[in-house]
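I opened this notebook to record what I looked up in one structure. The entries follow the sheet, then the helix, then the core.

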Amino acid sequence: MEKIKVKLVKGLIGTREDHRATVRGLGLRRINSVSELEDTPSVRGMINKVAYLVKVVS
C-alpha cells in the first residue's frame, strides 16, 4: 500500500467537534505534527473533510 504524509497546518480552536475528532483520527495532535497513513479511500475522505486544516506533504 502507498503511504501519504499529512501535516496539521492550522489550530483546532474554534473548529467543529466532529472535525477535531477527524483530525485526532488521522493521528495529528498539534500544529506542524505529521502523520504517515495508508492511502485508502477512507483516509482520503477524512483528509477532504478537514482540508482547510491539513496539508498533504510529499
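In what order do the three strands form the open sheet? I found the order β2-β1-β3, with antiparallel pairing. I took strands (E, at least two residues) and helices (H or I, at least four residues) as DSSP runs, numbered from the N terminus. Two strands count as paired if DSSP finds at least two bridges between them.

I noted that the model is predicted: local features need pLDDT of at least 70, side-chain atom pairs count only at pLDDT 80 or more, and totals for chains, interfaces and linings use all residues. Residues are numbered from 1 along each chain as its sequence is written, and side-chain values use heavy atoms, without hydrogens and water.

**Sheet.** I looked up β1, residues 3–8, and found that β1 and β2 pair in the antiparallel sense over five bridges. Lys7 stands opposite Val34 in β2.

**Helix.** I then turned to α2, residues 41–49, which lies across β1, β2 and β3. Helix α2 runs at about 20° to β1; axes are lines fitted to C-alpha atoms, for helices over the stretch in contact (heavy atoms within 4.5 Å), and angles run from 0 to 180 degrees between N-to-C directions.

**Core.** Which residues touch the most other members of the largest nonpolar core? Of its 13 residues, these are Leu8, Val23, Leu26, Leu28, Ile47, Leu53 and Val54. Such a core is a set of buried (under 20% relative accessible area, 1.4 Å probe, protein chains only) Ala, Val, Leu, Ile, Met, Phe, Trp, Tyr and Cys residues joined through side-chain atoms within 4.5 Å. The largest share of this core, three residues, comes from β1.

Terms used. Buried < 20%, exposed > 50% of the residue type's maximum accessible area, 1.4 Å probe, protein only.
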